[in-house]
Amino acid sequence: MNYKCNLIIDSCCDLPKEMWDVPGVTMLPFSYSDNMASYVDDSFQSRTPHEFYEWIGKGAMPTTSQPSQMVYEEAFRAAVESGVPTVYLCMSSGISGAYNGALTALDRMKREFGEGIELYVVDTLIGSTPLGLLVQEAMRLQQSGMTARELADWALEARYFTHIIFMVEDLECLHRGGRIPASVAVAGTKLDVKPLLTFDLQGKLSIIGASRGRKKGMKRMVDFYMKNRDVDSLGKPIAVGNADVPHDVDKLEALLTKQDEGAMFLNLNIGPTIGCHVGPGMLSCCFWGNDRRKNLSVSDRIANRVKSN
């Protein structure tokens, strides 16, 4: 099938293989390792979600790695030589070095093939379920005939309309991976609460609340959805991600349906790359909503405008 552009995505979007393994889409896998071996984030092809999270639950403390420069270079060179303009929708620069790594490889491609190559690298400023939601919509737009330049410009705007709230069992894995400060992790553990987090506008993780118990946490997630959803996004699914807690998926979806009878769902397993940092028990709710930039204070809006100029 011939499209006006191709897509490159990475395994941090947490989409199952049957969704991304299609013509016109290339997946770049992250990897993870412990003291014994290295593994590829293959969208749970080599081990099930339960096997992976059971492994972590038994004490494994894996670290993650972004695609190597060789992987980026091979994918980008293939994209340029194909003659089809291409867009790479990259994991957030706020929690990964993948975006900077991709830019380094892109610079080499420009030196080799010229500045005019149509290869666009987009920092999505999100990851996991919201990235999956964005990639799913990007694939639809690709199939509808959008050009690479149009799709890159769309993604730069669309990233601010994806909302996520997610609950983790505890903050230790996020602290160990350097995603949150030690003081925050210690406070959360001492208070014995379930932290609720999101991505901020810089693509970093931000704690937006906490609840005593998962049941109350799910209610807070539903309240967040009702406050921030876009009522005009008819036909757009709510992405519900889980780290080996499928029973909580059913509970959350039942609560969401009570508030929004027309809700449709995209169920995703939190993949190995993200899972290494959140551990078992994560539950996420992601959806298309209002422009998140509108929540900025006047001072922050001015600061952002100064930076962009």
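Contact here means that heavy atoms lie within 4.5 Å of each other. Keep that handy as you click around, and remember that you're looking at a predicted model.

**Stop one: helix H6.** Select residues 148-158 to pick out H6. Now colour Ala148, Leu151, Ala152, Ala155 and Ala158, which are buried. Look down the axis: these residues share one side of H6, because they cover an arc of only 130°. There's a simple rule behind patterns like this: an α-helix has 3.6 residues a turn, so residues three or four places apart point the same way.

What do the buried residues of H6 pack against? Show strands S1 (6-10), S6 (86-90), S7 (119-123), S8 and S13 (283-288), plus helix H5 (129-143), and you have the partners.

**Stop two: the largest pocket.** Next, select Thr198, Ile208, Phe224, Asn228 and Asn295; of the 17 residues lining the largest pocket, these are the closest to its centre. The space in there comes to about 450 Å³. Which element gives the most to the lining? Helix H9 (214-228) does, with 5 residues. Strands S8 (162-167), S9 (194-199) and S10 (205-211) each supply at least two. Sorted by class, the lining has 6 nonpolar, 6 polar and 5 charged residues.

**Stop three: the cysteines.** A disulfide is a covalent bond between the sulfur atoms of two cysteines. How many turn up in the whole structure? The search finds 0. Zoom in on Cys286: its closest cysteine sulfur is in Cys285, 7.5 Å away, which is too far for a bond. Cys286 is also buried, at 0% relative accessibility. Finish at Cys5, which is buried with a relative accessible area of 0%.

Conventions: Residues numbered from 1 in each chain as written. Predicted model: local features only at pLDDT ≥ 70, side-chain atom pairs only at ≥ 80, totals over all residues. Heavy atoms only, no water. 1 Å grid on protein atoms, 1.4 Å probe; cavity = no way out; pocket = protein on both sides within 12 Å on 5 of 7 lines; lining within 4 Å. Points joined across faces, edges and corners; volume = space filled by probe spheres on them. Helix = DSSP H or I, 4+ residues; strand = E, 2+ residues; numbered from the N terminus. Nonpolar A, V, L, I, M, F, W, Y, C, P; charged D, E, K, R; others polar. Disulfide = S-S within 2.5 Å. Buried < 20%, exposed > 50% of the residue type's maximum accessible area, 1.4 Å probe, protein only. Arc of directions from axis to C-beta.
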